[in-house]
Amino acid sequence: MPFQCRVSWLIQHLVHGPNGLDREALNARGQLRQKTAIDDDIRCRGRHPAVHFRCGRSILRGARKTILKRTSLKKSQARQLRLARCTSKKLPKARRVMLDKTPGDILDNLGGDAALARAFRELGVENDRHWAWDNYENVVRGLARILNAKRLIEIGGGRDPLFKANELAALGIEMTINDISQVELDVLPDTYRKACFDVAGDISAVADLRGHFDLAFSRMVFEHVADGQRAWKNLYELLAPGGVALAFIPTLYSFPFVVNWLLPDDVAAKIVKMLYRNRTDEEDPVFPARYSWTFASERKMKPMLEGIGYSEVQILPFYGHGYFERLPLIRDIHDRFTAMARANDWRTIASYAYIAARK
Ligand SMILES: C[S@@+](CC[C@H](N)C(=O)[O-])C[C@H]1O[C@@H](n2cnc3c(N)ncnc32)[C@H](O)[C@@H]1O
C-alpha cells in the first residue's frame with residue numbers, strides 16, 4: 001500500500017477511533033467519486049485495518065464483499081480493484097504480516113437476520129481457536145442476555161462447569177449441570193442443581209425437564225457422544241420453544257482429531273496423557289472420543305439439524321490447534337497453513353466450532 005495511504009488511514013483511525021467512519025458518515029458525504037469511495041470504504045474498516053493489506057484470492061475477497069455491500073460498485077469493478085492491489089510490489093510483505101494478525105471475518109459470513117445470527121454479530125466473533133476458548137464463557141453469558149434466557153443447562157458439565165456456583169445467583173439464572181457420570185457430578189458442591197443422564201440416550205427418566213430450558217450449552221462434550229443425532233434430538237426435546245442449543249466441539253477433519261478418531265481409545269488416551277501432564281484420571285480424565293456429527297461444515301450440519309426440527313442453525317468455525325506447539329518447524333508450517341485456512345474459511349479442516357441451533 002502506498003505510503004500516503006497508510007498515513008491517511010492512520011489519521012482516519014486516530015480521528016474517528018477504532019471503529020472508523022460508519023456507513024452513515026460515508027453515505028452522508030454524498031457524491032463520492034468511485035475511487036474515493038473505495039479508499040474511504042477500506043479506510044472506514046478501522047476495526048479490521050488488515051483489509052488494507054489483504055492480497056491474494058481469499059483475503060481480498062473479504063474486502064471486496066465489504067466494498068460491494070457498502071458502495072454502488074459492480075462486481076467487475078471490485079475485481080479490478082483486487083487485481084490492482086495484488087500487483088503492488090509492497091504487498092507480499094504486508095500480506096505476510098497481516099495474515100498472522102488479521103481477525104477472522106466470519107461475521108460477514110453469518111447469514112440472515114435471524115435471532116442467532118444477530119446475537120453472534122453482536123458478540124463480535126473471530127474465527128481463531130484462541131478466541132473460541134477465551135470467549136466461550138462470555139458467549140454463553142451474552143447469548144443468555146440477548147435471548148433473555150433464564151433457565152440454562154450445561155450438558156456434560158462434569159466436575160468443571162463453565163460457571164462457578166457463586167456466579168449463578170449474580171447472573172439471575174437457574175442453572176442445571178448435567179453429566180452422564182454421577183461420579184463427575186459428585187465432585188461438584190451441592191449448591192449446583194444436577195441432572196445425571198446420557199444426552200444421547202433415553203431421557204424418559206427426566207421427563208420433567210422436557211421443554212424446560214431456554215439455553216442448553218456444552219463444551220468439549222459432543223465429540224464423546226456416540227450418536228450425535230440422538231443427542232441433538234434430545235436437546236430439541238429439552239428446549240422450550242425458541243430455545244437455543246449451543247455446542248463447542250473439536251471438529252473433523254482437523255488433523256489431530258482425525259488421528260484421535262482413528263486410534264484405539266487406550267492409545268489415544270496414552271498420547272494425550274503424555275502430551276499434557278495434568279490429564280490424569282484424578283484431575284482431568286480423558287474420555288473416549290467418537291466424533292459423531294462434529295463438523296464445522298454448514299453444508300453438512302445444517303440439513304442434519306434442520307431435519308430434527310431446528311428452525312435456525314449457525315455454525316462458527318475456528319481454525320488452528322495447539323498440538324504442534326512444542327515442535328518448532330511443524331508449528332511454524334501449521335501456523336502458516338492455519339492463516340490460509342482462516343482467510344479462506346476452509347471449513348473441512350477447521351479445528352473447532354460453535355454449533356448453535358434454535359428450536
Ligand atoms: C472432556 S469432558 C468436558 C467437561 C467440561 N464440559 C469441560 O469443558 O471441562 C467431557 C464430559 O462430558 C461428559 N459426557 C460424555 N458423554 C456424555 C453423554 N453422553 N451425556 C452427558 N455427558 C457426557 C463426561 O462425563 C465428561 O464430564
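I looked up the bridge partner of Ile315 in β7 and found Ile355. The model is a predicted one: local features need pLDDT of at least 70, side-chain atom pairs count only at pLDDT 80 or more, and totals for chains, interfaces and linings use all residues. Residues are numbered from 1 along each chain as its sequence is written.

I then took the pairing as a whole. Strand β6 (residues 312-318) runs antiparallel to β7, with 7 bridges between them. Strand β5 (residues 239-250) is also antiparallel to β7 and is joined to it by 7 bridges. There, Phe248 has Tyr354 of β7 as its bridge partner. Strands pair if DSSP finds at least two bridges between them; strands are DSSP runs of E, at least two residues, and helices runs of H or I, at least four, numbered from the N terminus.

Next I checked burial in β7 (residues 352-358): 7 of its 7 residues are buried, meaning 20 or more other C-beta atoms, placed from the backbone, within 10 Å of the residue's own. In a regular strand the side chains alternate between the two faces of the sheet. On one side of β7 I list Tyr352, Tyr354, Ala356 and Arg358, and on the other Ala353, Ile355 and Ala357, all buried.

For context, I noted 15 helices and 7 strands in the chain. Buried residues are 35% of its 359 residues.

Definitions and conventions:
Buried ≥ 20, exposed ≤ 12 C-beta atoms within 10 Å, placed from the backbone.
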